[in-house]
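Please open the model in your viewer and keep the sequence panel beside it. The stops below say what to select next and what is to be found there.

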Amino acid sequence: MSDCLFCIIIDKKIPAKYVRETSELIAIRDVNPQAPVHILIIPKKHIPTLNDITDEDCDIVGKVHVFAKDIAKEEEISIDGYRLVLNVNRGAGQSVFHIHWHLLGGREFNWPPG
Ligand code: AMP
């Protein structure tokens with residue numbers, strides 16, 4: 001989608017700090033990090049929110065988790081612990097309507113989350 005920020009980043013029309021890329025996914029560093037490690041995992045397919053996924057997307061959603069686990073190991077946060085967060089719609093804090101997961105680590109996290 002031409003007016004979607006993450007589609008523009010996927011198309012490399014604006015710069016981002018790329019961490020990893022496959023034919024289906026990219027991982028970039030969040031521009032406003034909320035933890036020492038804050039990486040966004042973004043499917044290249046434009047899906048606005050989790051509410052919009054279908055059975056067709058099961059493979060991608062599974063791959064996101066393998067991607068997250070591998071990046072967590074690379075970033076050396078896999079042993080101490082990390083969070084994988086998916087905000088759905090504005091009430092949960094979603095501001096970019098192209099589905100993405102936040103991989104957060106490198107500090108302690110509270111529960112319940114704020
Ligand atoms: P959410 O609020 O869950 O939709 O997450 C959107 C995230 O995208 C926020 O954490 C922003 O800091 C991040 N973000 C916005 N613009 C950029 C950008 N140009 N490059 C990297 N991260 C961005």
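Begin by selecting β5, where five of the five residues are buried, so that this strand is largely enclosed by the rest of the structure; buried here means under 20% relative accessible area, with exposed set at over 50% and partly exposed in between, using a 1.4 Å probe and protein chains only. Strands (E, at least two residues) and helices (H or I, at least four) are DSSP runs numbered from the N terminus.

Before going on, note that this is a predicted model, in which local features need pLDDT of at least 70 and side-chain atom pairs count only at pLDDT 80 or more, while totals for chains, interfaces and linings use all residues. Residues are numbered from 1 along each chain as its sequence is written, and side-chain values use heavy atoms, with hydrogens and water left out.

Now move to H98, in the loop between β4 (82–85) and β5 (101–105). Is H98 buried or exposed? Its relative accessibility is 0%, and therefore H98 counts as buried. To display what surrounds H98, show its contacts (heavy atoms within 4.5 Å): leaving aside neighbours within four places in sequence, these include C4, F6, C7 and I10, together with I42, P43, K44 and K45.

Finally, zoom out to the whole protein chain, which has two helices and five strands, running α-β-β-β-α-β-β from the N terminus on. Its C-alpha atoms fill a box of roughly 35 × 30 × 25 Å along the principal axes, and buried residues make up 36% of the 114 residues. Among contacts between residues at least 6 apart in sequence, 56% join residues at least 24 apart.
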